[in-house]
Amino acid sequence: MSNLDLFISRLEQLIERVEAILPAQRPEPDWNASAFRWRTRVNGEGYLQAVKHPHKVALESLKNIEHQKQSILRNTAQFVAGRDANNVLLTGARGTGKSTLIKAVWAEFAPKGLKIIEVDKTDLLHLSEIVDLLGERPEKFIIFCDDLSFEEGEISYKALKSVLDGSISAPTANMLFYATSNRRHLIPQKMRENLDVSDESGEVRPSDAIEEKVSLSERFGLWLSFYPFSQDDYLAAAQYWIAHLGGQWTEAAEQAALLWHRTRGARSGRVAWQFAKDYVGRQ
């Protein structure tokens with residue numbers, strides 16, 4: 001091998017090593033799509049991935065949450081129309097339709113150009129990148145964070161606080177944050193934080209720690225609470241889903257629905273949906 005060939009071979013190896021170190025170019029999002037997920041590569045680079053088959057839910061399929069439904073519909077209509085609107089936090093009992101309501105509201109306004117981006121809690125540190133990516137776009141976006149809660153020691157909530165209200169940058173007018181959580185204040189509070197002085201943690205002013213934790217949920221302008229279903233609410237939801245799936249609501253179906261929720265230890269729209277799939281599927 002000549003000196004020139006050896007030089008070229010070593011140069012190619014050097015280029016390969018440099019390319020491996022440099023971050024991969026972020027793919028251009030398919031802006032024709034109406035639903036996206038934020039994905040993160042192994043090297044930490046994030047990008048928007050279009051969802052090929054988004055889960056669209058009809059608003060009429062959501063039962064027993066009329067107040068919550070009307071509130072978020074009004075807020076979203078204001079946003080799509082270019083008027084002022086609030087970030088929304090949906091909290092409360094599991095399985096009562098919090099995340100499904102957000103998907104249903106998006107599906108209702110998707111024909112008017114509304115887009116949705118699902119961001120996992122672990123990717124909240126990328127929120128500033130997402131805001132920069134969307135800020136100059138003409139479309140309207142809902143940033144959707146499902147099951148949002150933080151454990152002791154997690155710091156990603158600070159990125160969310162900053163983007164919602166607290167950054168030097170002005171909030172962008174083309175995006176809102178809709179989040180669901182089983183916790184009203186998103187971050188756990190300890191009993192010792194209610195004491196005037198905490199010997200356990202060494203915090204002289206524990207009220208400051210409480211203010212820090214409550215301040216995140218207060219950055220959502222609209223709070224919607226969801227409550228466990230009564231037995232009548234649960235049976236109404238089960239009846240709807242059985243009819244929706246092509247089954248017949250009979251006395252036997254009602255007794256089976258009651259037995260189903262007792263074995264699950266919960267009454268909710270999700271439990272009613274799961275029962276209806278099982279019941280109709282066995283007929």
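**Note on the predicted model: sheet, helices and cores**

1. The secondary structure of the protein comes to 9 helices and 7 strands, and it should be kept in mind throughout that the model is predicted. Of the 283 residues in the protein, 41% are buried. Among contacts between residues at least 6 apart in sequence, 74% join residues at least 24 apart.

2. The accessible surface of the protein comes to about 16300 Å², and carbon and sulfur atoms account for 49% of that surface.

3. The strands form an open sheet of 7 strands with mixed pairing, in the order E2-E1-E4-E5-E6-E3-E7. Strand E2 (46-50) and strand E7 (222-226) stand at the edges, and because each has a single partner strand, one side of each is left without a neighbour in the sheet. From one strand to the next, the twist averages 25 degrees.

4. Within this sheet, strand E4 (residues 114-118) and strand E5 (residues 140-145) run parallel and are joined by 5 bridges.

5. Helix H2 (residues 66-80) lies across strand E3 (88-92), E4, E5, strand E6 (175-181) and E7, and runs at about 155 degrees to E7. Helix H3 (residues 98-109) lies across strand E1 (35-40), E3, E4, E5, E6 and E7, with an angle of about 155 degrees to E6.

6. The largest nonpolar core has 29 residues, of which Ile72, Leu90 and Leu101 touch the most other members. Two or more residues of this core come from each of H2, E3, H3, E4, E5, E6 and E7, and the largest share, 7 residues, comes from H3. In soluble globular proteins, nonpolar side chains tend to be buried together.

7. Leucine 101 can be followed in more detail: leaving aside residues up to four places away in sequence, leucine 101 touches Leu59, Leu62, Ile65, Gln68, Lys69, Ile72, Leu90 and Phe226. A second, separate core has 23 residues, among them Ala33, Leu127, Cys145 and Leu160.

8. Which residues of helix H4 (residues 127-134) are buried? They are Leu127, Ile130, Val131 and Leu134. These residues cover an arc of only 100 degrees around the axis, so they are on the same side of H4.

Key. Residues numbered from 1 in each chain as written. Predicted model: local features only at pLDDT ≥ 70, side-chain atom pairs only at ≥ 80, totals over all residues. Heavy atoms only, no water. Pairing = 2+ DSSP bridges. Helix = DSSP H or I, 4+ residues; strand = E, 2+ residues; numbered from the N terminus. Axes fitted to C-alpha atoms, helices over the stretch in contact; angles between N-to-C directions. Contact = heavy atoms within 4.5 Å. Core = buried A, V, L, I, M, F, W, Y, C linked by side-chain atoms within 4.5 Å. Buried < 20%, exposed > 50% of the residue type's maximum accessible area, 1.4 Å probe, protein only. Arc of directions from axis to C-beta. Areas by Shrake-Rupley, 256 points an atom, 1.4 Å probe, with all protein chains shown as cover.
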